[in-house]
Amino acid sequence: MTVETPARFSPLSQWRDSFAQLPTGVQVRELPCLTQLTLRAEPGSTAARSIEASLGITLPGPLRAEVSEDVEVLWMGPDEWLLVAPEVSRHDLLARLRSAIGDEFATVTDVSAQRTTLALSGRLVPEVLARGCAIDLDPRVTPVGSCLTTLLAQAPITLVVRGEGASSVWLLVRASFASYLATWLLDACTEYRGS
Amino acid sequence: MNTPFRAHGHGHVDRDTTLSFTFDGITHTGHPGDTLASALLANGVHRVAGSIKYGRPRGVLAAGAEEPNALVQIEAPFPEPMLTATTVELYDGLVARGLSGQGRLSSRPDPARYDTMHAHCDLLVVGAGPAGLATTLAAARAGARVILIDELPRPGGSLLGGQELLDGAPATVWADGVVAELDAHADVQVLRRTTAFGHYDDGLVLALEKRTDHLGATAPAHISRQRVWRIRAKQVVYATGAYERPVAFDNNDRPGIMLAGSARTYLNRFGVLPGRRAVVFTTNDSAYPAALELADAGIRIAAVIDAREEVPEHWRAACHERGIGIRAGHVVTGTSGVERVTRAHVAAFGRGRLGERQGIGCDLLLVSGGWNPAVALFSQARGALRYDTGIGAFVPAHALDGVRTAGSASGTFTLAGALADGVDAARRALSAIGRTCRTTALPSPAPLPDAAPAHVLWRVPSPQDDQDGAKQFVDLQRDALVSDVLRATGAGLRSVEHVKRYTTIGTAHDQGRTSGVMTSGIVAEALGVDVADLGTTRSRPPALPVAFAALAGRNRGELFDPIRVTALHPWHVEHGARFEDVGQWKRPWYYPRADETMDEAVLRECRAARTGVAMMDGSTLGKINVQGPDAGVLLDRLYTNMMSTLKVGRIRYGVMCGVDGMAIDDGTVIRVAEREFLLTTTTGNAAKVLAWMEEWLQTEWPDLRVHLTSVTEHWVTIPLVGPRSRDVLALVAPGLDVGKDAFPFMSWRDATVAGVAARVCRISFSGELAYEINVPAWDGITVWKALHTAGGAFGITPYGTETMHVLRAEKAYPIIGQDTDGTVTPQDLGMSWVVSKKKPDFVGKRSFTRAENRRGDRKQLVGLLPADERVLLPEGAQIIATSEIPAPPVPMLGHITSSYRSDALRRTFALALVRSGTQRIGETLYVPLDGRTVPVTVTEPVLFDKEGTRRDG
């Protein structure tokens, strides 16, 4: 028997229209329901090496993100990464990781609904972020591939720099803070929307 | 309109545009580029307000942020108190009035936006005078990331107020050229109208930018009015210039008495003549250019009174040329005039004695007692100061690793010196961060004659017979006198910090810019010590007044504090929930129907849960995934009871204690798999419990192979409660065997609920048959709606936190943090059963053997039933033994921790922590309430379904 899976509701699904009205210099889009898995492993351990081989990627070091074909690996702490992948690959990725880990000590936790992801792009992005984020987004300091867990306004976020000069970033925010963050973002763009 | 005191051919104001403004009810005109002060002076208005303590008329003393007198209240376009007229840029339609000290805030909310901006640089330069421009230019050409901030709308600093030439052209031409070059550098940012007000650790400097203040009523609403810049700089150069200081003499506070350099600024920057006939009183060379330029612009200089015996020949010659008489070795001893100075009293002064006095008529008395480097921010950065006898002022003793000064702020007062010092500061700052800085060609000022030494003079002795210094003002804003300083030293105060607090000198809006160092000098003289040893007061942020609105920035209204919501929040809003703040969470409190009171709604919700079926949003519960081969070991060590023996598929309640044996959290633990557990925490403790567990894991037991992951927000959690909950669940989860034996209490099942993969737990926080349905947050609303629809036939009722509290209190399930306060053990809560006697050790175990923890007369959790079943006792109320309140100290037996109306019990009830509570069951105790006492019966804490018969439905 196949049962039709009900539609999923991401934390910011009701904000799409508001985001659409932002100026071209700062485009905001929610990437809903991405697969997000917390991986905990000792860097360099058998489990870590096995996972790297399985994903075809080197687990990134501090403050970095690495992208392979189908999965983005964000450094979250000395032995912690967040694996971000398309919604459809959740079970496959979980299975690959668990199989790579085998009986070694490393753990995977599905936290896909814990955070939502906002993709910001446009020339105004660094300035908008500077209104609430203390990180220096200059490309010489924070190049593409930087991954920082910090605060934007008063919301804890993970910031991934995806475009040169932070012209394109991902913000991963815990679901409960998402509407606060969206409210803040729209407010931060007030000056660019004109009178 | 004619403004009688404009000097034609001078100033950087835009004469082609006229602005209209109102001061103290009279309409005047000015021009763009004016400050309120310069526009008032251009209209001949000197008196701004009466002084705060003595009501003496006061005018404009200075031309910038050092102004101690000219405080104004802005009335329109929007009320704002206590601004200095010298720093308010003039705009059309400005309405202001003079202030005696305090002003008033608007009673209307401020409609303006205020915001914040973070910025980063290699080098922050504060001050765009000659030194700051030279520093910035050199650093910019070296390729550094530089931010230059300046308080004025136009860079140039002191150059705007003088007539110096650089390479034969006005120095402002050079300044404009530098700024044009800086603006073309991608890595250089020049912030105008921006004042640094705080220097903090690690090169963090806070600055206030006034973005639209100068636009008045035409300021666009969508642009922030003011912005706080949070600038993180690897190196900071304070090129903040110097403030001229006055000399104290009798009646030195009258309108028309002005700092000489400020008068020069009014002429050169604003094209304003601050008077017609001036006496100049100086102790140093700097007043001579002022006197000469003002004379050339048409002010009659009646005399230059120079405290020095020797006046340099070139100044003598220049004055002679203009018919200006110089009286060397003389001082001003006092003044005449009430609303405006009319006469300066002059006498010879040598070896501490005053000669015969003579009056000189004037409407302007210019004073220069020397210059104090502006070192407030350097001092905030913990930079040490030393007294420089050559200039009679405090200067930075040496640069800090990341903070230095340049130009006048370092005590280098010549233009050529300031330019060279600025470049040098850039070179040193960049060198400190491993960068090099090539030589920058500097423009040449006109050659200056050698400067003659200044005479350090803090005050002139009072010529009158009355109390010494009783008419000599030190801090004009505070109306503090030389005699106040002498009273402080007379009372035995030896520290300038103490004298500051005793006299309030330097505590006003101007932070003592014109009075602080003078106070040091007067104290040193009074004590007979060297001012170099005495020192001056340490500066603290903020260096200038900053509105709270600016500090708050966007953190106001709905952005004041993050509002955290669950995935079900929109449904709660749609269905009229009232919300309760639980930390940052908004949780549904209760769902009133039309016209229902809160009491009525809660009783209805309770009845539904006990007699039918009800549901709530429990998503805020903290959830921690615990994985690894040693997961059970960790949990055994952190919970008081045994967790490692829990079977996969089963659930256990647990309590965590601190090392002192006091309960810190409770919740359920489910065993997901052999190596995986999922535990819940109370909503408010989620982060604290995770940190607590991580601390033990990382610092005490790093050998344990366990990983902890917060999954709080991955799950939406829906308790489905009541005798009909099984029927509802069966409808939405047709594949799940919900039978009592197939799905027993304290077990969990993976099931498809409303088409969604869910984890269903059979746990109860109400004593009723209940399920807790957990689904990934994005499926939450689907499942919630499905339950609501399926439950329709059974009258399913959504309920909030208040009903949850009532239901659990009827069963004496404690809320950690409400029924406990960090001094309560599990045994005190009547839960000895949750403390393992088998486990070799766990956090808190040692404390349970302490005599104090075993005392029978500890406070224990009991139930209380008021004799009058309608009386709802307030939570927090005290409990006493007698019906009469005895004389204080009243022996108090405990307090009420929870108190509700119960639908099931048809009465009110309470939980309380009572001394020897378990031994008092059946006793009558008393609760003082509104001047009487309410008798209450002590009961077992569990008041409803003591036998637990309802658990299985």
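View 1. Strands here are DSSP runs of E with at least two residues, helices are runs of H or I with at least four residues, and both are numbered from the N terminus; two strands pair if DSSP finds at least two bridges between them. Residues are numbered from 1 along each chain as its sequence is written, and chains are lettered from A and ligands numbered from 1 in the order in which they are written. Because the model is predicted, local features need pLDDT of at least 70 and side-chain atom pairs count only at pLDDT 80 or more, while totals for chains, interfaces and linings use all residues.

**View 2. β47(B) also pairs with β46(B).** Turn to β46 (residues 894-902) of chain B, and you will find eight bridges joining it to β47(B) in the antiparallel sense. B:I896 sits opposite B:A912 of β47(B). Four residues separate the two strands of this hairpin, and in the turn B:R906 has a positive phi of about 55°.

**View 3. β40(B) and β41(B) form a hairpin with two residues between them.** Six bridges link β40 (residues 748-753) and β41 (residues 756-761) of chain B, which are antiparallel. B:V753 stands opposite B:V756 in β41(B), and B:A754 in the turn has a positive phi of about 50°.

**View 4. Residues 122-382 of chain B carry a UniProt domain annotation.** The unreviewed entry labels this stretch "domain: FAD/NAD(P)-binding"; positions are in the numbering used here, the feature name is shortened, and such annotations may be inferred rather than shown by experiment. The stretch is 23% helix and 38% strand, with its end C-alpha atoms 20 Å apart.

View 5. An automatic or database domain assignment gives domain 1 (14-32 + 114-193) and domain 2 (35-110) of chain A.
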